[in-house]
Number of protein chains: 4
Amino acid sequence: MTYSLNSQQVAEASKQWLQERGVRIEDIAELTFFLQQNYYDTLTIEECQTSVEQVLSKREVQNAILTGIQLDILTEEGKLRSPLQEMIENDEGLYGCDEILALSIVNVYGSIGLTNFGYIDKLKPGIVQTLNDKSGPHKHTFLDDIVGAIAASASSRIAHRKQEEKEKKGLLPPS
Amino acid sequence: MTYSLNSQQVAEASKQWLQERGVRIEDIAELTFFLQQNYYDTLTIEECQTSVEQVLSKREVQNAILTGIQLDILTEEGKLRSPLQEMIENDEGLYGCDEILALSIVNVYGSIGLTNFGYIDKLKPGIVQTLNDKSGPHKHTFLDDIVGAIAASASSRIAHRKQEEKEKKGLLPPS
Amino acid sequence: MTYSLNSQQVAEASKQWLQERGVRIEDIAELTFFLQQNYYDTLTIEECQTSVEQVLSKREVQNAILTGIQLDILTEEGKLRSPLQEMIENDEGLYGCDEILALSIVNVYGSIGLTNFGYIDKLKPGIVQTLNDKSGPHKHTFLDDIVGAIAASASSRIAHRKQEEKEKKGLLPPS
Amino acid sequence: MTYSLNSQQVAEASKQWLQERGVRIEDIAELTFFLQQNYYDTLTIEECQTSVEQVLSKREVQNAILTGIQLDILTEEGKLRSPLQEMIENDEGLYGCDEILALSIVNVYGSIGLTNFGYIDKLKPGIVQTLNDKSGPHKHTFLDDIVGAIAASASSRIAHRKQEEKEKKGLLPPS
């Protein structure tokens, strides 16, 4: 039978794999709230969650999630060839393919997300810290970057939406 | 008075500046049709045009259009400082900021557009050839790349839409 | 024992994995020659080969090679989880992580390589065509893009070198 | 007379323009030191300065510097067309071409620099804070991102060099 992509299946798998690896949508929404709370007084965690869900509906984002988590799982199972196995296992400093996949997520909502991605990746708030804890049962090399990238994208999306809202309310000066 | 962005104004300016520099939406739609006609039997030029218009509605795309065209105009007027003036004026081979701005357009619709962008930039079909003709009244260093990037993005968007249509029609195997 | 990266080992593995997957450095050099022959009269295939080898000496490039080939191999062995397995196996049109890894190679030598990458990826000359032939024993989803990206990077490097040579020979007008 | 690029002139201009806009190489070296001091006990400010100078010797980096500073200057002089003039003048939140140019700098030393770039851009230490002070005589929209990107690239370069040094000293386990 000829292969035919089933988008629904891809979308569901990406959500399910995130959950299996210990990441809830709420966790990412909290990162987004952390990034944006100082800019918008009335921002709610629910808005952040909606924004995360919209980001997760993009195929480019789903592709990166599936690919990154798959590599993390195979690494945990020791199924990669040496020296790649050791490089990913040890989250090696000069290995940057995790950042590259993350960048492909950020790019979908534009370059204004770059800063937030870098900030989260360095500060490691909330779930990112948990994912980075190497003492737990899971080893994540790709997932922490991916989660940070989703939160940064959701932040960019909020920035775009808030601007739209402001303009709709007529809060603009005459052009 | 406090500055406040007027998105409508940004959107209109980006369309108007394109037109002033000799690029009609139909011209970009033709590039998109050129890229996609072999993949979809029933594709029409109208679908391509709709897709181009959707791409043009994105702020990230508008930012790149305005910035690139502004640099082209200032170069034409000889208003840049040396050596940047000569570098852009001569579309210098090692100067790649035009490709960088173009890439920011392509990225919005994901990495599958990269190939189409490179292909157009090399083959220079239709309007891209016209823009590259250095004997005309205008000198375009940024605009040809930007136009190619918009066409490539519109192609990516069509690929996503055609998949959606196929799935809606139930042409998928059971998952 | 504490993990410690052995760069020599990473470099060697990336060359060896390429070879095992049917790609010789000469094959990539030919792509580079194909891309650049019209621009430089005296360009030799040996220069192209040297340039390819320099590109291959970069860690960022090696990371992408190892990661891409590993994913190709695991896909061939059917070891990925569904639906990622089917997506990569069928080189699915909306899956762009192969282009993303390739882009990370191109970027190391700057944005002027983007065009050449896209052109090769579309035209599929030489070894790229062979890699794309789905009837052979191997299935390559990542490798064809990676090989095209290495050739494009080697082309960018040649453009930079030729400019240097020209300037050293005093073929420049007074500034 | 035919145009011919003079690379020396481009390199010198990029250094001179930085200086004219109030950025000394030492300032960028301090940012790099700030980013890397916790990772390398023996790191000196001189090493950081050397690394910054190496980054500045890359054409892709020089292109971004010249283009970004030129746009900042023209904006200061009010020479851009509306609405681009107002967008850049006000460092508008949804305008991301400054981040895009910066990304092209970071990419030259690989994706591991992304995180550091985002971190600096958010924290605004040292010279970045000074550049962001909108009360001074100069308005910088592009330059702060460019300076952060150079510092992040210099950090990536140091990470690569330190690894090399370690391996040369034989501090590696047998492979």
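Is B:Asn6 buried or exposed?

**View 1. B:Asn6 in the segment before helix 1 of chain B.** This is a predicted model. B:Asn6 is buried. Its relative accessible area is 15%, and buried means under 20%. The residue is found ahead of helix 1, which covers residues 7–20 of chain B. The side chain of B:Asn6 reaches the backbone nitrogen of B:Gln8. The distance is 3.1 Å.

**View 2. Helix 3 of chain C from end to end.** Helix 3 of chain C runs over residues 45–56. That makes 12 residues. From first C-alpha to last, the helix reaches 16 Å. This is close to the 16 Å expected at 1.5 Å a residue.

**View 3. The buried face of helix 3 of chain C.** Which residues of helix 3 of chain C are buried? They are C:Cys48, C:Ser51, C:Val52, C:Val55 and C:Leu56. An α-helix has 3.6 residues a turn, so residues three or four places apart point the same way.

**View 4. What the buried residues of helix 3 of chain C pack against.** The partners are helices of chain C: helix 1 (7–20), helix 2 (25–36), helix 4 (59–76) and helix 9 (143–168).

**View 5. Chain A laid on chain C.** The same surface serves both copies. Of the contact residues of chain A, 100% recur in chain C.

How values were computed
Residues are numbered from 1 along each chain as its sequence is written. Chains are lettered from A and ligands numbered from 1 in the order in which they are written. This is a predicted model: local features need pLDDT of at least 70, side-chain atom pairs count only at pLDDT 80 or more; totals for chains, interfaces and linings use all residues. Side-chain values use heavy atoms; hydrogens and water are left out. Helices (H or I, at least four residues) and strands (E, at least two) are DSSP runs, numbered from the N terminus. The expected span of a helix is 1.5 Å times one less than its number of residues. Buried means under 20% relative accessible area, exposed over 50%, partly exposed in between (1.4 Å probe, protein chains only). The arc is that of the directions from the helix axis to the C-beta atoms. Contact means heavy atoms within 4.5 Å. Copies are superposed by least squares on the C-alpha atoms of residues with pLDDT of at least 70 in both. A polar contact is a pair of N or O atoms within 3.5 Å; within protein, one must be able to donate a hydrogen and the other to accept it, and residues adjacent in sequence count only if both atoms are side-chain atoms.
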